[in-house]
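The sequence and structure come first.

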Amino acid sequence: MKHLNYDLLEDNWKIGFQQKHSLNISGATEKVNYFAGISYFDQDGNLGKLDYNRFNYRAGVDVKISKWLSANLTVSGDYGKKNRPLVKVGGSGDEKDYNLLLTRPRYIPEQVGEYDIPSYGLSNGQKNQNQLYNFSVLQNNGDFSRSMSNNVNIHGSLAYDFGWSKILKGLKLNFSYSKSINNDKGNQYGSNFTLYQMLKRYGSGMHLYTPTSYESDIDYLNASNFVAIGTNNGNMLYRTMTRTDNYQINFTAQYARQFGLHDISALFSIEKSEAESEYLVGQRENPYPFTTLQYNSATGEMTTQFTRSESGTLSYIGRVNYAYASKYLLEFLLRSDASTKFAPKNYWGVFPAVSAGWVISEEPWFQNNVKWMDYLKLRGSFGLTGRDNLAAWQWMQVYAQDANKGIVLGTGTGNSVSLWLSITIMSGTVRC
């Protein structure tokens, strides 16, 4: 075999290029700061027909409406596309080209004459699905996987300072609003293709796919020496769509004032957020070779799945801090949080916290006697916390088609219909 060396990885490997272009502007006056920027990024791959490109943009403005009132607005987002051939052979999914080209025996080419062949090896029989992988065919048969993402983010805020008032000096109000919209789309087209198994091969052991110098091609390249092998590379049209919308509103009032040796600060905040997401996936098998990529250009089974979820939170937060002579510290905090991920009667949870501190290094006796330490503070605290980072609607009674599970309702030999109730225990409180 020393004259045979089909290094398919080396033959198909190429330099990958990427480029990035950016344009940015910014400026300022005494009352207005502004900026804007847009960038473009493009990248291809080292193996096969891979392409990715993305636009990013960002713009914002800060306005000082008056000495005590200011506003801010920022808009940002991105738009990206990714294209690549679809590889479903073997069932291992994406990014398998490198491994399969690397491990393909080098005495086996991808084509013999005008026939695309599988990598059946010495036994000339199929041992696994990866032997049906043919890089050249999968790159050029029109099968593809494409994805597109589009994201928009908006943030605005308004701030007011009561520094002009002798009574309300130290009080600051802030209102902010954030909104994001995220869209993702995916399209796949997979077909069937044909490889050809050689019945009679070269060499004394009849294990070579191409001849040595002393052998003739006449018998081996005859059409009767090749048997067609149908290969499935998905054989379907597939589409996904995901959209997520969410917003968050914050109102914060802060107060900080010093009266002699007494430092007092306080905060009150209201935070509200809502999120909504939708997911849709559809598939139809057996597309026509001349498909328009729509469902009516395929003849096989059609399946559709879709989900939708929504959630919301509302929080009231209060905090008071007191310090005397920068030595004796006290803080009290109270949160009241609601989440729609829980049952309506268990939306709300209350979480208090308290802490006290003593800055020992501020005491005169410490400063006079301890020269090797600049700062020493003792602090103790206690509080309750809660979280809602779990799947929504787990408290609901739902019906699910799970075989041999739960209470069977009705009759039949197929999947049973079961009733189940999930109980979740949260830190700080129990909610069912």
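Arg 335 and Asp 337 join their side chains in a salt bridge, with N to O at 3.0 Å; a salt bridge here is a side-chain nitrogen of Lys or Arg within 4 Å of a carboxyl oxygen of Asp or Glu. The model is predicted: local features need pLDDT of at least 70, side-chain atom pairs count only at pLDDT 80 or more, and totals for chains, interfaces and linings use all residues. Residues are numbered from 1 along each chain as its sequence is written, and side-chain values use heavy atoms, with hydrogens and water left out.

**Salt bridges**

- Eight salt bridges turn up in a search of the whole structure.
- Arg 335 is partly exposed at 29% relative accessibility, whereas Asp 337 is buried at 15%. Buried means under 20% relative accessible area, exposed over 50%, and partly exposed in between (1.4 Å probe, protein chains only).
- Arg 243 and Asp 245 also meet through their side chains in a salt bridge, at 2.7 Å from N to O. Arg 243 is partly exposed, with a relative accessible area of 37%, and Asp 245 is buried at 15% relative accessibility.
- Glu 278 and Arg 308 form a salt bridge whose closest N and O atoms are 3.5 Å apart. Because Arg 308 is in strand S11 (residues 302-324) and Glu 278 in strand S10 (residues 262-285), this pair ties together parts that are 30 residues apart in sequence.
- Both partners are partly exposed: Arg 308 has a relative accessible area of 48%, and Glu 278 has 41% relative accessibility.
- A network of salt bridges links Arg 308 and Glu 278 with Glu 276 and Glu 310.

**The sheet**

- An open sheet is formed by 12 strands, in the order S1-S2-S3-S4-S7-S8-S9-S10-S11-S12-S13-S14, with antiparallel pairing. Strands are DSSP runs of E with at least two residues, and helices are runs of H or I with at least four, both numbered from the N terminus. Two strands pair if DSSP finds at least two bridges between them.
- The edges are strand S1 (18-28) and strand S14 (377-383); each has a single partner strand, so one side of each has no neighbour in the sheet.
- On average, neighbouring strands of this sheet are turned by 10 degrees against each other, direction ignored. Axes are lines fitted to C-alpha atoms, for helices over the stretch in contact, and angles run from 0 to 180 degrees between N-to-C directions.
- Strand S4 (residues 69-85) pairs with strand S7 (residues 144-161) over 17 bridges, in the antiparallel sense. Lys 82 stands opposite Ser 147 in S7.

**The largest nonpolar core**

- The largest nonpolar core has 28 residues, of which Leu 101, Tyr 133 and Tyr 209 touch the most other members. Such a core is a set of buried Ala, Val, Leu, Ile, Met, Phe, Trp, Tyr and Cys residues joined through side-chain atoms within 4.5 Å.
- Elements giving two or more residues to this core include helix H1 (8-12), helix H2 (97-103) and strand S8 (171-198).
- Leaving out residues up to four places away in sequence, the contacts of Leu 101 include Leu 8, Leu 47, Tyr 133 and Phe 135. Contact means heavy atoms within 4.5 Å.

**Thr 231**

- Thr 231 is in strand S9 and is buried at 2% relative accessibility.
- Its side chain reaches the backbone oxygen of Ile 229 at 3.5 Å.
- Beyond four places away in sequence, Thr 231 touches residues including Val 89, Leu 132 and Phe 193.

Key
A polar contact is a pair of N or O atoms within 3.5 Å; within protein, one must be able to donate a hydrogen and the other to accept it, and residues adjacent in sequence count only if both atoms are side-chain atoms.
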